[in-house]
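Hi,

My notes follow below it.

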2 protein chains.
Amino acid sequence: MRQSKLFTKTRREAPADEVAKNAQLLVRAGYIHKEMAGVYSYLPFGKKVLEKIEQVVREEMDAIGGQEIRMATLHPSENWKQTGAWDGVDVLFKLQSRTEKEYAIGQSEEEIVTPIAREYVQSYKDLPVAIYQIGQKYRDELRAKSGIMRGREFTMKDMYSFHETQEDFDRFYTLAKESYLKIYERLGLVAKATEASGGAFTKKLSYEFMVLTDAGEDDILYCEHCPYCVNAEISNQKEGDTCTRCNEGALARAKASEVGNIFDLGTKYSNDFSFTYKDKEGKDQFPIMGCFGIGISRLMGVIVESFGDEKGLVWPAAVAPFAVHLVSLGKDNDDVCKAADALYDDLVKAGVEVLYDDRDARAGEKFADSDLLGIPKRIVVGKDAVATGQFEVVDRATGAVEKVSREALLKSDFNSK
Amino acid sequence: MRQSKLFTKTRREAPADEVAKNAQLLVRAGYIHKEMAGVYSYLPFGKKVLEKIEQVVREEMDAIGGQEIRMATLHPSENWKQTGAWDGVDVLFKLQSRTEKEYAIGQSEEEIVTPIAREYVQSYKDLPVAIYQIGQKYRDELRAKSGIMRGREFTMKDMYSFHETQEDFDRFYTLAKESYLKIYERLGLVAKATEASGGAFTKKLSYEFMVLTDAGEDDILYCEHCPYCVNAEISNQKEGDTCTRCNEGALARAKASEVGNIFDLGTKYSNDFSFTYKDKEGKDQFPIMGCFGIGISRLMGVIVESFGDEKGLVWPAAVAPFAVHLVSLGKDNDDVCKAADALYDDLVKAGVEVLYDDRDARAGEKFADSDLLGIPKRIVVGKDAVATGQFEVVDRATGAVEKVSREALLKSDFNSK
């Protein structure tokens with residue numbers, strides 16, 4: 001896209017009311033707009049990043065058999081009363097209609113998905129089933145100071161699965177755990193699965209997925225040899241101890257941010273909604289249920305916190321709004337301008353996602369904006385490039401500079417993740 | 001996709017609590033699930049249809065320069081108080097947080113988009129700009145009996161544009177009007193633009209887009225010669241009268257459903273939010289604003305009402321969840337089954353969107369389900385097809401049957417809209 005057509009602009013100063021690095025950089029770069037504490041609109045580039053993250057998550061959910069739907073966000077209070085969460089969940093937003101009906105706004109969807117599954121699952125032959133959605137969630141948070149990492153409105157992928165037996169549940173639980181680790185890896189993050197308590201949902205064990213980042217709110221201990229990982233707060237072990245699981249590796253300590261969780265919900269919700277199926281013997285049974293969440297907008301915030309530097313955003317290729325930032329140093333209709341126009345057209349034809357800075361602005365301003373926007377590769381078209389046919393390609397993350405011929409540029413696989 | 005993997009099922013009987021044809025058919029076919037009056041979840045096929053409609057709308061909005069964002073749904077009450085709509089709009093849902101802050105839930109986004117535009121538009125050089133989103137909206141309706149055609153929660157595309165002059169506004173208004181008519185045409189609908197009053201938003205004239213359908217709630221008069229069209233209720237003309245615009249055609253009367261509207265909002269919102277830009281002379285001016293809405297889920301309902309028949313849904317190719325319904329009459333691992341499996345694989349490889357009925361069910365049940373699901377083309381694989389190499393292709397809308405060879409099937413352009 002031509003940057004001259006983009007309605008957003010960058011700004012030099014971080015907004016005074018933002019303390020979180022993710023919000024500061026994203027607002028400065030014009031990716032998001034703050035509506036109030038914990039509520040943001042996603043502007044063209046912010047929306048693109050969300051969609052890239054969503055697509056990675058969608059592909060991995062589909063790969064393990066998830067079926068995507070769109071659940072309602074406005075919920076009848078009856079469903080929430082049936083599970084005890086109407087009075088039991090303090091972050092639940094409630095409202096009343098003109099006709100004095102009470103509604104909840106979705107902060108999770110067990111109360112909606114369980115009756116949906118009940119509608120279609122009658123027999124053991126209909127199990128297992130995994131249903132997910134990607135959509136908005138709402139939480140009545142007392143404080144919201146972490147930018148897009150903990151919002152009153154946020155985007156989440158939530159999957160719910162239903163099973164005949166604990167064995168089948170465990171099989172899927174493991175599959176989902178692997179799928180989660182694959183998602184984080186595709187997004188350029190290093191994540192660990194820690195065991196945690198189930199919180200409000202269940203007394204059973206659950207997994208939290210923690211991304212190693214210096215900006216993390218949590219401290220974790222993880223084994224350098226096996227996948228063992230635990231929240232340092234609930235562990236009586238310390239850095240350097242020998243791992244109690246493999247008895248081989250030493251425990252390392254690191255800052256981390258939670259970016260997903262999976263819960264064994266047992267039969268709580270099937271019980272609450274009288275959801276039974278006929279087993280092989282024709283007897284009524286309650287399915288075992290799991291819940292698998294990933295905060296999409298939170299993940300975007302964690303990515304900014306993990307990779308952003310003093311110059312601005314730094315996007316991993318898999319989630320960058322564009323693969324290439326083509327920066328023209330030409331003016332009006334000079335040769336540089338024409339060469340940049342032609343290269344833009346050819347890159348687009350070659351299927352490369354290009355942001356083209358065709359604005360009438362100084363080189364210094366363009367480079368500063370380019371650094372702030374954080375697109376993985378910058379191609380500079382100046383007089384030198386036109387004279388030599390060699391284009392400067394700058395890697396945003398490392399700052400490494402290469403000279404590349406026009407032909408080689410058009411053959412480069414910039415979109416590869 | 002293999003139908004045996006789908007978690008939804010069809011049902012023979014329409015739900016007792018649905019009076020609208022669209023909801024009856026969509027629930028029976030497993031496209032939607034009712035949460036309460038006016039609120040539905042969209043199951044896998046329903047979600048696919050919504051996405052197809054959204055994609056057509058998105059392409060046409062992008063084509064006229066619209067920039068897509070995702071606006072927040074949870075709004076600070078301050079914005080709504082600033083425009084007078086906090087107390088003036090009766091369908092606005094309001095809620096209170098634990099900290100006693102008041103929020104609105106978006107039923108429209110002027111209150112959010114105007115401050116966003118104000119943030120980035122400083123000069124006449126930044127105009128015009130058109131910003132849109134596709135997302136959920138909420139209305140506190142007293143009654144909701146029209147299925148997905150008028151919901152308390154629904155999906156909408158809303159675009160907002162800002163202009164320097166009335167001339168530039170009119171230019172874009174005309175462009176958007178043409179774009180809307182193109183959208184309806186791509187969706188297989190015949191739509192007319194009628195002049196209407198601006199309603200709650202503005203005293204200026206606005207356009208309503210009416211789809212001709214016997215299920216429509218409105219009566220319109222339209223000229224058979226020129227584009228003139230008017231709501232019969234506000235007209236003192238009648239069927240058969242000579243058109244007062246072209247003085248050539250005769251007026252016809254028809255039932256119609258509203259599927260979109262565009263408003264000239266003037267400078268109301270720029271005034272309310274003190275949104276000014278510097279004109280060429282450096283003087284502060286208020287931009288002129290337009291609002292352009294299309295109800296996405298409503299449009300899905302209108303399509304069902306327009307084309308659905310006594311056997312079930314009938315989707316135009318552009319919005320069908322799949323292009324082809326491949327129905328295998330084979331059992332277990334017999335030759336018919338193998339032939340259907342192989343044809344499914346080859347169609348998928350050829351890029352065709354196929355739903356494959358690989359279930360172990362009777363032919364009569366499969367055909368009834370196929371009619372109910374409404375996929376445009378049905379390919380039947382039975383013993384005859386295997387023996388002769390000629391496959392029966394049934395057109396859902398017309399019932400027309402063709403015999404087509406396997407080679408020709410694989411070369412057919414089923415996905416073409």
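**Helix α9 of chain B**

Helix α9 of chain B (residues 335-349) has 15 residues. From first C-alpha to last it reaches 21 Å, close to the 21 Å expected at 1.5 Å a residue (1.5 Å times one less than the number of residues). Helices are DSSP runs of H or I, at least four residues, and strands are runs of E, at least two, numbered from the N terminus.

Note that this is a predicted model: local features need pLDDT of at least 70, side-chain atom pairs count only at pLDDT 80 or more, and totals for chains, interfaces and linings use all residues. Residues are numbered from 1 along each chain as written, with chains lettered from A and ligands numbered from 1 in written order.

Buried in α9(B) are B:V336, B:A339, B:A340, B:L343, B:Y344 and B:L347. Buried means 20 or more other C-beta atoms within 10 Å of a residue's own, exposed 12 or fewer, with C-beta atoms placed from the backbone. Down the axis of α9(B), the buried residues fall within an arc of 140°, so they line one face (the arc is of directions from the helix axis to the C-beta atoms). The face turned away carries the exposed B:D335, B:A342, B:D345 and B:K349.

The cover over the buried residues of α9(B) includes β17 (324-328), β19 (377-381) and α11 (383-388) of chain B. B:V381 touches B:V336, B:A339, B:A340 and B:L343, among others (contact: C-beta atoms within 7 Å).

After α9(B) comes B:G351, with a positive phi near 85°.

Regards

Key: Contact = placed C-beta atoms within 7 Å. Lists of a residue's contacts leave out its neighbours within four places in sequence.
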